[in-house]
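Have the sequence and the model open while reading.

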Amino acid sequence: MSEEHRLRTLIRYEAPRRAERLAAVTPEEHRRAGARWPASRQLEASEVGHLLNMLLEAYDGRRPVPQIRGLVAPEVYAGLSGPRLPQPRHRTHSVHTCNPVAGVIEACARVEADGRSFALAARFTRAATGWQCVRFALLKPQRLDRRPQRAAA
């Protein structure tokens, strides 16, 4: 038994490694004032859908708004916080994304609540700490009783 045993990788059976690696930040670099953050990668549509669900939960009152503070811009946070009436549960059914420019993701989704469909529009930008929602709008149809009246001719 003088033979040395070594582990060898089985190339055909190993899972492929991620081609895109995030830059590692050492604790010393993180503590310094000029700490560099790892470059955040591009979000996939499923991840954008998950973020939209989190924002809808905060909109509905099912999630405390301070939990999403790091994910949204201050103006979006101000729009979601404050006193609200209980909202029906909104559920996303389809999410579509596009990248108009580098570092920006625009998303739209079909949302249902109480058997009605609504449109959701959001815009995410890449910040130093990751992706941040800078626009969030749940587009609801106008009430029928608020139709503009035509002037009599």
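Threonine 97 has alanine 107 of strand 2 as its bridge partner. The model is predicted. Alanine 107 is in turn bridged to alanine 122 in strand 3. Strands of a sheet pair through backbone hydrogen bonds, either parallel or antiparallel. The two pairings that involve strand 2 compare as follows.

| Strand pair | Residues | Sense | Bridges |
|---|---|---|---|
| Strand 1 and strand 2 | 91–98 and 104–113 | antiparallel | 7 bridges |
| Strand 2 and strand 3 | strand 3: 116–127 | antiparallel | 10 bridges |

Strand 1 and strand 2 make a hairpin, with 5 residues between them. Glycine 103 sits in that turn and has a positive phi of about 85 degrees.

The sheet is open and has 4 strands, in the order 1-2-3-4, with antiparallel pairing. Strand 1 and strand 4 (130–139) stand at the edges; each has a single partner strand, so one side of each lacks a neighbour in the sheet. From one strand to the next, the twist averages 20 degrees.

Helix 2 packs on this sheet and touches strand 1, strand 2, strand 3 and strand 4. The direction of helix 2 makes about 130 degrees with that of strand 1.

Which residue does the side chain of asparagine 53 contact? Asparagine 53 belongs to helix 2 (residues 45–60). The side chain of asparagine 53 makes a polar contact with the side chain of threonine 92, at 3.0 Å. Histidine 90 lies 37 residues from asparagine 53 along the chain, yet their C-alpha atoms are separated by 8.4 Å. Asparagine 53 has a relative accessible area of 29%, so it counts as partly exposed.

Conventions. Residues numbered from 1 in each chain as written. Predicted model: local features only at pLDDT ≥ 70, side-chain atom pairs only at ≥ 80, totals over all residues. Heavy atoms only, no water. Pairing = 2+ DSSP bridges. Buried < 20%, exposed > 50% of the residue type's maximum accessible area, 1.4 Å probe, protein only. Polar contact = N/O pair within 3.5 Å; in protein donor to acceptor, adjacent residues only side chain to side chain. Axes fitted to C-alpha atoms, helices over the stretch in contact; angles between N-to-C directions. Contact = heavy atoms within 4.5 Å.
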